[in-house]
Each structure stands twice: as structure tokens, then as C-alpha cells.
Amino acid sequence: MSIIRNIYHFIVKNINILCFSVCSFLPIEPNLIVLESEGDFTDNAEALFYYIKRKELLNTYKVVWLVDNPEQFKNEKNVYFVKKAIGKLHIKAMYYLARCKFYIYDHNNLLQYEKLKKRSKQVIIYMSHGTAFKSGRSEDPNAADYFDKVVTLGDMSTKIICHFWGCDEKKALELGEPREDYYFSNLDYEKDKLEVLYNLSEFDKCLLWMPTFRQSYNSRISEEYKFNETGLPIIRTEQDLRSLNRYLQAKKICLLLKIHHLQADLPIFLTKLSNIKIIKDKDLAYHNIKLYKLIALTDALITDYSSISIDYLPLDKQIIYTLDDYEEYRKSRGVYPYNAIDYMPGAHVFNLKQLENAITDIANNNDKFSRKRKLVMHQFYKYKPGESSKRILEYLNILK
């Protein structure tokens, strides 16, 4: 079966390459934009698209979305959804990639996957997943050759992202992430939805916990040492989870626990708790709740080495860092820069008691790290978020 599968992939890959090559003889469409995101129609690409739509640029430009499930979306005037089908035939995708003027993606660069060279007049923009304190380099040492520019937040963000991709910092566009523009948009819909789902008005504070996902099918990015009943830092067992819930109940605090989709079906997260609400990607999608609008509605964040620890800074709210596995993480996956811990402006907690003490400070509005947050914010951000989409489209001369 493996021989047949390899032959199939070889044939498919060459058909895709042939399709791109043939379509490259056709003229480039100057008003064609191709967008892609991990998780169909999400993240930075989605936020950029909505700005394009809001500015009525769809009267001039055609947008093609590369998605896994195009049948779930409805084409509209100048907006089309096409299957990206990684590892399979994607003839339509090859056609549009060969003819687009702009290819703007968050995750999968199909040109890189097929080892295809872009056309000279095309512009390829990578908007990334954010700035995380995670070491390592891209598996493909030539990955940066397949994009013209990578969007970053500012100085430190550029250093970290360009280190990962092994590219010159001149490739960075320090224009900010479109998804953070949601912080400063209308939040009424998300506020009403969250109230219906979680009765947030019953609580004095609403905290968000977004931990780094530590197990992965990709051995290069997996931290297998962290395997436990929950897959979480600090909270290792159901007993720990219930103990934290009792503490939150006493403080009238709601904790929204945003877990990775690969953790979502663990038995422990099927338990109903009064003050800990499990947030799943599929639930957000079903209720049409934008993650970064939800983030803006919370009072504080609990995280670790994830990019959300940087993305949360513009909100100027307190952050708790769970670092109980910092040394193991540093030795296993690695952190970057080497002094990453110095760029974490909040309480550093290593056990459940310290976590509860840090939450108590938040409950009492005792903010010890306000000055340091502003300092780190200045080191990472060139601009205040709110107009990142505008800056990117102006750079591309799409928005005049």
C-alpha cells in the first residue's frame, strides 16, 4: 500500500506542478488576491478580508480563499472558496496561484509545498501565527525563499520571527497583525453571545487561560514530558481542576479555558464545572465568535510561552505566566530569545497556590506589573494595533 500511495503522491504532485506551469503562461490578474488561513476562514487573513470588504474594495478586487472545506462557504460577488487539498490534486488552487497578483497566507504556502517559484510580478505575504517564545527553526531551510515579506509587530517581534525562518530582518513588515484590530472594533455581538453561553454578568471578573499545546503528532514540536491527566501546566489532575474551581467560586471569578482542539475530547474536559468554562474552536465557529474579540472582553490572561502572551499586551491588562515546566521546556523545545523570561511582564507561577495568589491580585485590582508591560509593549510593537489591516493594504497599494 505504501508503494501505491507514494506513486499516487508523485503523480498528483507533478500534475499540480504542470497545472501551475501551464497557467503561468496566462497574464497575471492585477486585482486578484488569494488568501489562506489555518482553520478555514480564520485568523489574520480573515480579519484582513473583512477590512477589504468593509472598505468596499471587493468592487475592484477579486478574493479567492484557499480552504479545506469549500462546501461550507457560499461564493458571493468577487469572493470564491477553493479547495487547497494539501497532498492532493488542487488544480483550481494552482490556477489562481499562478494568476494572482497577491498571495497572502497565515499557514500553508502551497507554492512552498509544491516547490514552485512565484512569478516575478507576484507579491507573497506571510502573516504568521504570532510571536511566540519558542526556539527552533523551520524544517525547510529554504522556506523564507517562498515569501517576499513576513508581517511582524515591531523590533523584538521581527528578531524572533526572522530567527525562526532564518531570514534577513529586511523581509519583515513591521505593520502589526490584522486580528488584533478586532480589539478596537464593535464587540457587542460577542459580548451578548458570551453572556448567553456563560452568564458572565454573574461574575466579578472573567479570566482567559490559553496554554501552549504541549503534545503534537509532529515530534519536532512536541513536549512529551508534559503528558498528564489534563495536558495542562500547573493543573495536572481532575482533583487540581476541581480545587481551582472551588477557589474561583469563592472569588466570584469565571475562567474561560481555551484548550487546543487535540485536547478538547479528553474525558477530563467533559466535566461540568461552575466557574471553569471550556472553550473549543468548534464552539466559537458555531456561534460565529471571533477569538480576538473574545480576548478583548476578558479581564486578565493566564498563559506561558504562547504568542498570545505578546498579543495581549495592547489591552494593558494583567497576565499570569505558568512556568512550572520552564526548564524542561527550555531543554526540550527550547525558548528564544535565551532570556525570554525577561519579556514576561506578569506574575510567574510554579504551582497551584501561587496561581491562586496571582488571581487574588487580579480580583483585588492589585496590578504590580503595569510599568513593565508598557516597557515590553514598546519593545515588541512599532504601532498600536487598530489599523494593521489598513497599513498592510496601503503597503500593497491596494488601499490608495
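What follows is a short walk through the aromatic contacts and some backbone details of this predicted model. Local features need pLDDT of at least 70, side-chain atom pairs count only at pLDDT 80 or more, and totals for chains, interfaces and linings use all residues. Residues are numbered from 1 along each chain as its sequence is written, and side-chain values use heavy atoms, with hydrogens and water left out.

Let's start with the rings. Rings of Phe, Tyr and Trp (its six-membered ring) pair if their centres lie within 6.5 Å; planes under 30 degrees apart are stacked, over 60 edge-to-face and the rest tilted. The count comes to 21 aromatic pairs. One of them joins Tyr-343 and Phe-380 edge-to-face, at 5.8 Å centre to centre with 85° between the planes. Tyr-343 lies in the loop between helix H11 (326-332) and strand E13 (347-349) and Phe-380 in helix H13 (residues 370-380), so the pair ties together parts that are 37 residues apart in sequence. Here helices (H or I, at least four residues) and strands (E, at least two) are DSSP runs, numbered from the N terminus. Tyr-343 and Phe-380 are both buried, meaning under 20% relative accessible area, with exposed over 50% and partly exposed in between (1.4 Å probe, protein chains only).

The loop between H11 and E13 also holds Pro-337, and the peptide bond from Tyr-336 to Pro-337 is cis, with omega near 0°.

Now to Phe-41, which forms one aromatic cluster with Phe-49, Tyr-50, Trp-65, Phe-73 and Phe-81. Phe-41 sits in the loop between strand E1 (29-36) and helix H2 (43-54). Its phi is near 55°, a positive value in a residue other than glycine, and Phe-41 counts as buried at 14% relative accessibility.
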